[in-house]
Amino acid sequence: MAGTNPGNAGVHRWQSHTDAAAAATACAEHLGTRIAAVLETQELCHVALPGGRTPAACLAHLAKQSLPWERVHWYLGDERCLPVGDAERNDNMIEQHLWRVIDAPESNRHPIPAELGAERAADSYTGLIDALDRLDIVLLGMGEDGHTASLFPDNPALEDKRAAVPVHHAPKPPGERVSLGINTLQAATERVVLTTGTGKRDAIEQVRAGVALPINCIGPLLWFTDKAAVE
């Protein structure tokens, strides 16, 4: 995806913290506050989470908070097409740092059945997401190329309008994945990004310049970063 998207660049909100640990803690505290606020006005809160290594500390801190966890339902922003239980699956990280810690029924967890393959899993997850009005909160990460979830630059999945989309030929392994679609991310009530480290600096500069990276095509975002990523 090329070109610029200056409309989003000016409406992002930014929080820069001393280091990655401080950014993760601040992000977790924000998520806890927002979940509590949603539950003041509706019975359930629907939250989508990212995979990868960066969110682990954030989720561990979130799990320590005292919230009515039985009223929160969890979804994944994306998943890798690997066998259930594989250490590289995103749901494995979320299970370790959040799901097994909080007191909530297993039925509140909605992993992507990526072991079925990208096409079948995307069809299944689309049915699940379509049954919702919208996601209340989406927590996202960002790669050094500006991708988010498994929506990579110039990948056909960016143009797929379904709620969840198959991703083929991803530029980093595994090549087969499933991701929430761009329309689903755009429709979420609140979108939060946690990204840290010097490796993200170039992408953040492009985001601020309005370059139409996948992360910059979702709408206004609240960013939690460390100083290494923005200075």
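Visitor: To begin, is Gly 219 buried or exposed?

Guide: The model is a predicted one, and every answer here should be read with that in mind. Gly 219 sits in the loop between helix H7 (201-208) and strand S10 (222-226). Its relative accessible area is 9%, and buried means under 20%, so Gly 219 is buried.

Visitor: How far apart in space are Gly 219 and Gln 186, C-alpha to C-alpha?

Guide: Along the sequence, Gly 219 and Gln 186 are separated by 33 residues. In space, the distance between Gly 219 and Gln 186, taken from C-alpha to C-alpha, is 6.0 Å.

Visitor: Which residues are in contact with Asp 226, leaving aside its neighbours within four places in sequence?

Guide: Asp 226 belongs to strand S10, and its relative accessible area of 6% means that Asp 226 is buried. Asp 19 is 207 residues away from Asp 226 in sequence, yet the two are 4.8 Å apart in space, C-alpha to C-alpha. With the neighbours within four places set aside, the residues in contact with Asp 226 are Ser 16, His 17, Thr 18, Asp 19, Ala 20, Ala 23, Thr 195, Thr 196 and Gly 197.

Visitor: Turning to helix packing, are H2 and H3 parallel, perpendicular or oblique to each other?

Guide: The axes of helix H2 (residues 20-41) and helix H3 (residues 55-63) come within 8 Å of each other and cross at roughly 45 degrees. Angles under 35 degrees count as roughly parallel and those from 65 to 115 as roughly perpendicular, and H2 and H3 are therefore oblique.

Visitor: In which hand does H2 pass H3, and how many nonpolar, polar and charged residues are in the contact of H2 with H3?

Guide: The crossing in which H2 passes H3 is right-handed. On the H2 side the contact is made by Ala 24, Thr 25, Cys 27, Ala 28, Glu 29, Leu 31 and Gly 32, and on the H3 side by Ala 57, Cys 58, His 61 and Leu 62. Sorted by class, the contact of H2 with H3 has seven nonpolar, three polar and one charged residues.

Visitor: How many disulfides does a search of the whole structure find?

Guide: Cys 27 is buried, because its relative accessibility is 0%. For Cys 27, the nearest cysteine sulfur is that of Cys 58, at 3.9 Å, whereas a disulfide calls for sulfur atoms within 2.5 Å, and Cys 27 is in no disulfide. Over the whole structure, the number of disulfides found is zero.

Visitor: At what angle do H3 and H4 pack, and which residues of H4 make the contact?

Guide: H3 and H4 pack with their axes 8 Å apart, at an angle of about 30 degrees. From H3, the contact involves Pro 55, Ala 56, Leu 59, Ala 60, Leu 62 and Ala 63, and from H4, Met 93, Ile 94, His 97 and Leu 98.

Visitor: Which residues does Ile 94 touch, not counting those up to four places away in sequence?

Guide: Ile 94 is part of helix H4 (residues 90-99), and it counts as buried because its relative accessibility is 0%. Residues up to four places away in sequence being left out, Ile 94 touches Leu 49, Pro 50, Leu 59, Leu 76 and Trp 99.

Visitor: What is the phi of His 169?

Guide: His 169 is placed in the loop between S7 and S8, and at 69% relative accessibility it counts as exposed. Most residues other than glycine have a negative phi. The phi of His 169 is positive, near 60 degrees.

How values were computed:
Residues numbered from 1 in each chain as written. Predicted model: local features only at pLDDT ≥ 70, side-chain atom pairs only at ≥ 80, totals over all residues. Heavy atoms only, no water. Axes fitted to C-alpha atoms, helices over the stretch in contact; angles between N-to-C directions. Helix = DSSP H or I, 4+ residues; strand = E, 2+ residues; numbered from the N terminus. Parallel < 35°, antiparallel > 145°, perpendicular 65-115°, else oblique. Left-handed = near helix turned anticlockwise from the far one by under 90°. Contact = heavy atoms within 4.5 Å. Nonpolar A, V, L, I, M, F, W, Y, C, P; charged D, E, K, R; others polar. Buried < 20%, exposed > 50% of the residue type's maximum accessible area, 1.4 Å probe, protein only.
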